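Thanks for passing this one along for a look.

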Amino acid sequence: MKVKSYTVHGFSTNVSFTDLSLGDNITEWRWNFGDGTPGETYNASTNPDHTYNRAGVYNATLTVVNGTGGMSMHSELVDVPLKGDVNRDGKVSAADTVLILQMAACGTNSDPAADVNSDRAVTSLDALMVSQAVMKGVNDE
Ligand SMILES: [Ca+2]
Ligand SMILES: [Ca+2]
């Protein structure tokens with residue numbers, strides 16, 4: 001085993017992990033997603049998906065084991081955003097609506113928090129959903 005790593009990419013609370021471990025003799029891949037759920041163990045290189053129940057920052061760990069009992073570990077922080085909270089102040093408000101509209105106008109699709117309906121695009125529809133949530137008093141504002 002030489003290097004062990006993985007990349008994290010995802011929209012919404014569903015996060016995809018990509019195994020980047022190198023080494024010929026890896027026999028076991030142990031994924032721990034850092035949210036208290038049971039880890040997943042695989043006997044082959046796997047790129048698992050994991051759905052987090054709530055927004056937050058999680059410390060996910062991949063441990064690889066080789067045939068002679070050697071072990072190697074890699075941890076990475078996974079930032080799972082609160083839907084609609086684009087400016088990351090912990091609440092959804094009119095300010096977020098404005099930011100989402102700006103992203104939609106610029107064609108920015110990279111902020112998972114802004115893609116409220118999880119269709120992998122940031123559009124005025126997402127802004128509308130946020131503004132409706134704000135008006136319904138989902139938050140205290
Ligand atoms: Ca906000
Ligand atoms: Ca969207």
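1. At roughly what angle do the axes of helix α1 and helix α2 cross? This is a predicted model, and in it the axes of α1 (residues 94-106) and α2 (residues 124-135) cross at roughly 175 degrees. They come within 8 Å of each other. Angles over 145 degrees count as roughly antiparallel, so α1 is roughly antiparallel to α2.

2. Next, the residues at this contact. From α1 come Ala94, Asp96, Thr97, Ile100, Leu101 and Ala104, and they meet Ser124, Asp126, Ala127, Val130, Ser131 and Val134 of α2.

3. The protein has 7 strands and 2 helices, and along the sequence they follow the pattern β-β-β-β-β-β-β-α-α. Of its 141 residues, 26% count as buried. If you take the contacts between residues at least 6 apart in sequence, 54% of them join residues at least 24 apart.

4. Now α1 by itself. Its 13 residues should span 18 Å at 1.5 Å a residue, and the end C-alpha atoms are 19 Å apart, which agrees. Asp96, Thr97, Leu99, Ile100 and Met103 are the buried residues to look at in α1. Viewed down the helix axis, the buried residues of α1 fall within an arc of 165 degrees, so they line one face. What covers them includes α2. On the other side of α1 you will find Ala94, Ala105 and Cys106 exposed. Just after the helix, Gly107 takes a positive phi of about 75 degrees.

5. α2 has 12 residues and reaches 16 Å from its first C-alpha to its last, close to the 16 Å expected at 1.5 Å a residue. Which residues of α2 are buried? They are Asp126, Ala127, Val130 and Ser131. These cover an arc of only 135 degrees around the axis, which puts them on the same side of α2. Their cover includes α1. The face turned away from the buried side carries the exposed residues Gln132 and Met135.

6. Most residues other than glycine have a negative phi. Arg88, however, has a positive phi of about 55 degrees although it is not a glycine. Arg88 is in the loop between β7 (71-80) and α1, and it counts as partly exposed because it has 13 C-beta neighbours inside 10 Å. Arg120 has a positive phi too, of about 65 degrees, and is not a glycine either. Arg120 sits in the loop between α1 and α2. Where does Arg120 stand, buried or exposed? With 10 C-beta neighbours inside 10 Å, Arg120 counts as exposed, since the cut-off for exposed is 12 or fewer.

7. One last spot, among the strands. Gly23 is found in the loop between β2 (14-19) and β3 (26-32). It has 13 C-beta neighbours inside 10 Å, so Gly23 counts as partly exposed. Please also find Asn66 in your viewer: Gly23 and Asn66 are 43 residues apart in sequence, and their C-alpha atoms are 8.7 Å apart in space.

Terms used
Residues are numbered from 1 along each chain as its sequence is written. Chains are lettered from A and ligands numbered from 1 in the order in which they are written. This is a predicted model: local features need pLDDT of at least 70, side-chain atom pairs count only at pLDDT 80 or more; totals for chains, interfaces and linings use all residues. Axes are lines fitted to C-alpha atoms, for helices over the stretch in contact, and angles run from 0 to 180 degrees between N-to-C directions. Helices (H or I, at least four residues) and strands (E, at least two) are DSSP runs, numbered from the N terminus. Angles under 35 degrees count as roughly parallel, over 145 as roughly antiparallel, 65 to 115 as roughly perpendicular and the rest as oblique. Two residues are in contact if their C-beta atoms, placed from the backbone, lie within 7 Å. A residue is buried if 20 or more other C-beta atoms lie within 10 Å of its own, exposed if 12 or fewer, and partly exposed in between; C-beta atoms are placed from the backbone. The expected span of a helix is 1.5 Å times one less than its number of residues. The arc is that of the directions from the helix axis to the C-beta atoms.
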